[in-house]
Number of protein chains: 2
Amino acid sequence: MQKKLIFITNDDGYRAGGLDALVEMARPYGDIVVVAPEEAQSGMSSAMTSKVPIRLRKVEESDGLTIYACGGTPVDCVKLAMSHVFKRKPDFLFSGINHGNNTSVAVIYSGTLGAAAEGTLYNIPSIGFSLNDYSPTADFTACIPYGKRIIDMVQAFPFDENTFLNVNFPRLPYREIKGVRLCRQNRGVWMEEFEKRVDPHGQDYYWMTGSFLNHEKEAGDADENALAEGYVAVVPHHLDMTNYKELERLRETWKF
Amino acid sequence: MQKKLIFITNDDGYRAGGLDALVEMARPYGDIVVVAPEEAQSGMSSAMTSKVPIRLRKVEESDGLTIYACGGTPVDCVKLAMSHVFKRKPDFLFSGINHGNNTSVAVIYSGTLGAAAEGTLYNIPSIGFSLNDYSPTADFTACIPYGKRIIDMVQAFPFDENTFLNVNFPRLPYREIKGVRLCRQNRGVWMEEFEKRVDPHGQDYYWMTGSFLNHEKEAGDADENALAEGYVAVVPHHLDMTNYKELERLRETWKF
């Protein structure tokens, strides 16, 4: 059997601890090629770079592990890697492990998930992984065995090709994690407040802060809540954002 | 009756011709406040800026029209405006008119639609408008009467609060446009190719080019095709990206 080829990327940059943990998780499954951003690219969503050129450099090459750093966004990493790094289609794309959770509406802002979504467009089974701990020195130990269980399940029973998975790990020791729960995307919003400050030249500037507002705190089948309860939350996402129910209703109502 | 308050933004920057056209389209409906990026922010998706501060400056204020330029992304424009510009919730958010179409999978990359999606999270009825013409000097004349018909329809029969609209205008004279068609998101991908070049110092760099690959050219109910046929294509989108069908299937298949 041909060894599996695994594409790893992230949005925290190629030096992030979460990336090392993901490499450790994935190594038993095949050869790893990392193409990850040079610098942190959090909150970059599916942004891509077309107006300026980007760079790509090989950082490391050893047996079964090659690491490239790319000067663009997470989506740029995927597109450039598929165009110039991979000679054959990778068997998996894993993105993360993000330093910080990506539940609920984070799916639209997250660079981790932007990269996983992009993998889907290349028909690569893609999974975004995130740990509910924003610290640069977060402890990813418990993610590894749980991540492997999920990869094993995906290998045994693959998910649909239009789908990518969003996996969020709780910040708990291994023994305190309650299990894995298949979830839907929680409804909620990030409510940003901008702190207004004045610079040394007397000009205003604004700095984003924010907190998550959960619109459905009781729903156990929603990822945000499953994570809070101590489960690893897994959501199958797709890229068809059509609101079909509303489409039907508007077709009956609107006459142009 | 209180005059309507209309929030206009875009991703091509506050000086774009498409923004002027959108202001012209919207003025009969109420007072306009523009908060748009200082510079072009195409392909910025739902990216947001949290690691560096951003600026906001008033460019123009006249009767019924106030224009601000914001140093961030389209989503930053929405968040900062809602936090520091608007004293009450706007009645509408209109984003665009984008120079270039935003059909199919463009919904995940487009800054125009990133801003419209963000408006939805503030419970503002939000519409992204795009013209199928990338030229900086594109002619938006025919968009205005068609855009007004859509706004009239939305006022008479509002769409659901979890929904935002994606409106794409064909590049045709008014008389050649066939009408307005309610559509779903077309399945397709942007296939990027990176041109590899060598800089004056002998180092490689990569420049993105790309073309759209339509996975379903025959589907008349898909936005890409309706637009190609000469219709104004209107898609109701929502932000719940859960693949419910796959969630059900995986719940029956996967046992952890």
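1. The place to begin is N243(B), in the loop of chain B between β11 (231-238) and α7 (244-253). The model is a predicted one. N243(B) counts as buried, because 24 C-beta neighbours fall inside 10 Å and 20 or more are needed for that label. Setting aside neighbours within four places in sequence, the contacts of N243(B) are T163(A), P236(A), H237(A) and H238(A). Within chain B, the C-alpha atoms of N243(B) and I108(B) are separated by 16 Å, the two residues being 135 apart along the chain.

2. Which residues touch the most other members of the largest nonpolar core? They are V34(A) and V34(B), in a core of 150 residues. For V34(A), leaving aside neighbours within four places in sequence, the contacts are I8(A), T9(A), Y14(A), L19(A), V23(A), I67(A) and Y68(A).

3. In chain A, helix α2 (residues 74-84) packs on helix α4 (residues 111-121), with the axes 8 Å apart and at an angle of about 30 degrees. The two helices are therefore roughly parallel to each other, since the limit for that description is under 35 degrees. The crossing of α2(A) and α4(A) is right-handed. On the α2(A) side the contact involves P74(A), V75(A), C77(A), V78(A) and K79(A); on the α4(A) side it involves G111(A), T112(A), G114(A), A115(A), E118(A) and G119(A). By class, the residues of this contact are five nonpolar, four polar and two charged.

4. The axes of helix α1 (residues 17-26) and helix α5 (residues 143-156) of chain B come within 9 Å and cross at roughly 50 degrees. At that angle α1(B) and α5(B) are therefore oblique to each other. Their crossing is right-handed. From α1(B), the residues in the contact are A21(B), E24(B) and M25(B); from α5(B), they are C143(B), I144(B), G147(B) and K148(B). The contact of α1(B) with α5(B) has four nonpolar, one polar and two charged residues.

5. Is helix α4 (residues 111-121) of chain B mostly covered or mostly open? This helix is mostly covered, with 11 of its 11 residues buried. Among the buried residues of α4(B) are the charged E118(B) and the glycines G111(B), G114(B) and G119(B). Just after α4(B), N123(B) has a positive phi of about 60 degrees.

6. In chain A, the bond joining G96(A) and I97(A) is cis, with omega about -15 degrees. I97(A) belongs to strand β5 (residues 92-99) of chain A. In chain B, the peptide bond from G96(B) to I97(B) is cis, with omega near -10 degrees. I97(B) is placed in strand β5 (residues 92-99) of chain B.

7. S45(A) is not a glycine, yet its phi is positive, at about 55 degrees. S45(A) sits in the loop between β2 (30-37) and β3 (56-62) of chain A. Is S45(A) buried or exposed? S45(A) counts as buried, because 31 C-beta neighbours lie inside 10 Å.

8. The other serine is S104(B), where phi is near 55 degrees, a positive value in a residue other than glycine. S104(B) is in the loop between β5 and α3 (106-109) of chain B. With 28 other C-beta atoms within 10 Å, S104(B) is therefore buried.

How values were computed: Residues numbered from 1 in each chain as written. Chains lettered and ligands numbered in written order. Predicted model: local features only at pLDDT ≥ 70, side-chain atom pairs only at ≥ 80, totals over all residues. Axes fitted to C-alpha atoms, helices over the stretch in contact; angles between N-to-C directions. Helix = DSSP H or I, 4+ residues; strand = E, 2+ residues; numbered from the N terminus. Parallel < 35°, antiparallel > 145°, perpendicular 65-115°, else oblique. Left-handed = near helix turned anticlockwise from the far one by under 90°. Contact = placed C-beta atoms within 7 Å. Core = buried A, V, L, I, M, F, W, Y, C linked by C-beta atoms within 7 Å. Buried ≥ 20, exposed ≤ 12 C-beta atoms within 10 Å, placed from the backbone.
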